[in-house]
Amino acid sequence: MALTQEQIAAKNAELEAYISEQKDVGGALIPVMQKAQELFGYLSFETMQLISDRLDVPVSEIYGVATFYALFSLTPKGDYVISVCTGTACYVKGAAAVLDEVKNQLGIDSGETTKDGKFSIQDTRCLGCCGLAPVMTINNDVYGRLDPADVKDILAKY
């Protein structure tokens with residue numbers, strides 16, 4: 001759901017207050033970017049510009065950091081972020097077919113969000129649950145020993 005102008009202004013004010021606290025601390029860029037993503041769910045160009053202006057760091061540097069580290073997103077995420085592990089153990093046990101079924105059910109690809117903003121799919125190499133392969137998470141919920149036929153019922157819970 002889109003934020004109202006008032007909500008955006010409040011979040012920007014909170015971010016600016018945080019930047020003021022961190023401005024003179026060495027290595028402030030990444031914590032400030034993390035705070036911005038926590039507030040907005042992703043790093044928009046406007047948010048990167050605000051950070052650039054307040055920290056006196058070029059937008060290109062902020063963009064470089066955002067695209068280097070997987071924890072940052074340049075696009076909004078859905079309410080439910082789906083990760084299907086494609087690490088070796090999961091891949092060998094059929095993760096590709098599970099991922100294909102998630103994409104098919106939602107009509108989106110990895111890195112995309114459904115039009116209603118409800119679901120996002122993100123690439124994941126290892127979730128650390130190799131004994132449950134293949135594994136999928138939806139936010140903090142873990143689903144293991146999956147078969148593509150399980151996907152529809154799991155998504156229906158959300």
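Modeller: Three aromatic pairs are found in the structure. This is a predicted model, in which local features need pLDDT of at least 70 and side-chain atom pairs count only at pLDDT 80 or more, while totals for chains, interfaces and linings use all residues. Residues are numbered from 1 along each chain as its sequence is written, and side-chain values use heavy atoms, with hydrogens and water left out.

Colleague: Why is the pair of F68 and Y69 called edge-to-face?

Modeller: Rings of Phe, Tyr and Trp (its six-membered ring) pair if their centres lie within 6.5 Å; planes under 30 degrees apart count as stacked, over 60 as edge-to-face and the rest as tilted. The centres of F68 and Y69 are 4.9 Å apart and their planes stand at 85°, so the pair is edge-to-face.

Colleague: How is the pair of Y80 and Y158 classified, and what does the pair tie together?

Modeller: The pair of Y80 and Y158 is also edge-to-face, with 5.0 Å from centre to centre and 65° between the planes. Y80 lies in strand 1 and Y158 in the segment after helix 7, so the pair ties together parts that are 78 residues apart in sequence. Helices (H or I, at least four residues) and strands (E, at least two) are DSSP runs, numbered from the N terminus.

Colleague: Are Y80 and Y158 buried or partly exposed?

Modeller: Y80 has 25% relative accessibility and therefore counts as partly exposed; Y158, at 14%, counts as buried. Y80, F119 and Y158 form one aromatic cluster.

Colleague: Which residues of the largest nonpolar core touch the most other members?

Modeller: They are I82, V84, V102, L106, M136 and I138, in a core of 22 residues. Such a core is a set of buried Ala, Val, Leu, Ile, Met, Phe, Trp, Tyr and Cys residues joined through side-chain atoms within 4.5 Å. Helix 6 gives the largest share of this core, five residues.

Colleague: What does I138 touch beyond four places away in sequence?

Modeller: I138 touches Y80, V81, I82, Y143, I154, L155 and Y158, where contact means heavy atoms within 4.5 Å.

Conventions: Buried < 20%, exposed > 50% of the residue type's maximum accessible area, 1.4 Å probe, protein only.
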